[in-house]
Amino acid sequence: MKRLFAGLLTLAMIAGLAGQPGTANAATPFPTLNFDNGVIPSYVTGSNATLQIVTNTTGSKALKVNYAVADFPSVKFAPATPWSVGSGNAIAFELTNASNKDITFYLRVDDSAQADGVKDSIVSQAVAKAGTTNQYFLSLNSAVLDLGMRFLPPNPAGLQMGYAWGDKSIDPANVVSLQFFQMYPSTATALVIDNLRVIQDPNSNLSYLNGIVDKYGQYSGASWSEKINSDQDLLNDKAEEALALNGSQPIATSQYGGWKNGPKLQATGRFRVAQYGGKWTLVDPEGYLFFSTGVDVVRLDDMHTWISGRDAMFKDLPTKNSSLGEHFRYTTTVGSPPLGQTEGWLFNHYSANLERKYGTDYFNKWKDVSVARFKNWGFNSLGNWSEPTLFFGKGSQHKLAYVANGWTSWGTHTTIPSGEWGGVADPYDPQFTVSVNDMVQNQIVAYGVAQDPWLIGIYVDNEIPWGSPATTQSKYLLISNLLAMNAADSKSYAKRAMIAHLKTKYSNNIAALNAQWGTSFASFSAMDAPFKPAQISNGMLPDYSAMLKLLAKKYFNIVDAALTQALPNILYLGSRFAEWGISSEVQEAAAEYVDVVSYNVYKESVNGHSWMDIAALNKPAIVGEFAFGSNDRGMFGTGPNSESAASSQQDRASKFTNYMNAALQNPYFVGAHWFQYVDEPLLGRHWDGENYNLGFVDVADVPYAPLVNAAKTVHAQAYATRFGSTGNTKISFEASENLSLISAYNQATIQYVSQGATDGVRAMKVNVGTLDTVYAGVEFKPASPWNLGAAPSITADVTNPTALPIQLRCNVLDNNGQLRTFYFTVNANASRTITLGSFGASPAQTSGADGYWGATNGLSTAQIKSISFYLWEDAPKSGNSFIMDHLLISK
């Protein structure tokens, strides 16, 4: 996720979000806009949005904004004369979301003609719940905008807009424009706006915020069934969960978490990538196919929130000298602190709850419980930003694969201004190579990962702001800023390298460059001076594109070389591209050096996004971050955009399922990691104020049951979803296996017994009930059809536990509705192995003790829909039960 929103300069480069022409006119009072006259004022315009007057839910006329699929579709209110908010100091409006999905929307207010979306602008955000009409307001009180949280708590006066980025203090007497916009919507949406007006600031009295956080870090203003109300509740949860975490997993895996019952490729002792069945896949050290599913941020450090300046908002904090005092921390490292703080006290409610729950050794016990949870929930990996001291180099201890990561930004090399939340490393600075080598040694190798086969691969850096593809100006902003430097400056390494590149390309002929660019440089030396044209001309574009790719290639080349030297045969997983900071040039550059291209994709699906050029790259890809959040269980924030917003916890689970299935079915993705393990603090992370409901567990360490159940189901079916059950499926009926594909029908019942077990300690006993009334048995039905290939075989060990012989029948059904019935005789109190091997075109074979009939034209073995076992009931000459083990459905 973006580490800071501040600096989204892209907004200023999009026509619909640009600042307004200057005006010398005196401000006029902010009007009330209710659209009752049915007219859209001339100063109200849409950018990638159409406007119309409609009748709203209260029967009055209102402005409907139809947002198109674009980067920043918007509606802008830009009066000829600036508006003055006056003494009210808050802007209010009514907003309707008639759709069936929640929508995150943004309100930008500019107080200057030079506003750029960051400077002289404030950008706020809120969620419009599906099917609702609500009153919203934006307080221009800088103290409220500076409360240290992205999404604000409910206010008695209505829903309030939370600070997102930009200036926290603007001139309310000079409002140049207002803009309601969305960020990167993947589908067209619509909002209805009415009664835009000024009100008296409801936040002139902040007493409603007193005590909104309870002893456990939860919202005190709401109740829910899973809410922790006492220390005993924590202990009860611990005991209950201990019974549930019995070591079972949704699917049988290899020791490294790979698909144990799937195809086995060459074992290399390390994770690698390969193509199988037309799809990219990770391959574990033993050679098993591996789709990486993981959770990010398995650590405690990000769970601190600011106390200083906000003390009254917290109930029942422990004292600093109490047994829970260690969960306080004093910091002088300031990102975006509240209320102008430059240093102060933080508190970690999550770790305090862990100590209440697990005792003084909570850190290690939490680690062990977390690993047990991940396995029980079906995750086979630890995602990015896991605690290095707990997990790096310790794969054999936890029996859980993981990724490692490092930051080059900790180095002392030169950076190039990006206009976004951070600069971009200048890879031409010799110090950058030093920084990279130091990073590899100190942040990764030092933890002992070099000899750890459980290490999947390594991310380096995160969401580098290479430039937004939204416009030409934003896409090549990095190159524009680079050329705006003075090459004579000793730190202008990249600019000197680019001039050398241009000199070579144009064969030292400055006239040729001038003809292409439409410039008048006297010589290539004249390019040493700062150069930044108002617009990038069409003639410049090919060279700007080539320079951006050169810059990126240099970066990825240096990082790849350092990783290859220190950690040979370890996958380089890239730098986790974000939609707002990536282009095709950079992706192509990365693809030359990384083993897997990584993306953070906060969308409803991984499919259908033009900014990801995965097919053109023909490289494996991995999702480094995705998540969905809701505000239905005591949290305020739903995530960074509309597509990450869910209407409920059950909706989070549904969105998780749809997202994962899309990734599993995409031939390029080899994994997807959820951001993050624990909800962000209710009043915001201490360093940037994010306060989203993104966790698999909440601040009291209570798992979100719908999300957990969805994960178990998805992971149980993951390889069937991806490969269509290609390869072997072995069912041993053990407690650790996912047996959800088995169901009894009619009168049949299932027991798991030790008798007849030939593979492990359990077998399946089927009792068919009263004979000669109705056929009863068990059905095996995969999530997607089994592909058994051209020479299929189905075998099983069968025991007859009765004193009478039985005839076991098996129906094999394909997706075309063709059915073949096989039958086998098993003597009384005897065992045998049965084999189904005849699936091609054939007449019935019914002359012996074993045989088959049906589907004379053969079965489609690439599309086996189900397999059923039952008894031919010939009372009183037949037994009424059978036992089965070691069912092997093989290719």
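Visitor: What does Trp466 touch, not counting residues up to four places away in sequence?
Guide: Among its partners are Val424, Lys475, Leu478, Leu548, Tyr555, Phe556 and Val586, leaving out residues up to four places away in sequence. Contact here means heavy atoms within 4.5 Å. This is a predicted model, where local features need pLDDT of at least 70 and side-chain atom pairs count only at 80 or more, while totals for chains, interfaces and linings use all residues. Residues are numbered from 1 along each chain as its sequence is written, and side-chain values use heavy atoms, with hydrogens and water left out.

Visitor: And which residues have the most contacts inside the largest nonpolar core?
Guide: Trp466, Trp517 and Phe556, in a core of 166 residues. Helix H13 (541–566) gives the largest share, eleven residues. A core is a set of buried Ala, Val, Leu, Ile, Met, Phe, Trp, Tyr and Cys residues joined through side-chain atoms within 4.5 Å; buried is under 20% relative accessible area, exposed over 50%, partly exposed in between (1.4 Å probe, protein chains only). Helices are DSSP runs of H or I, at least four residues, and strands are E, at least two, numbered from the N terminus.

Visitor: Why does Pro31 count as partly exposed?
Guide: Because its relative accessibility is 23%.

Visitor: What's the average pLDDT?
Guide: It's 92, with 95% of the residues at 70 or above; pLDDT is the predictor's confidence in each residue, from 0 to 100. Over residues 2–24 it is below 50.
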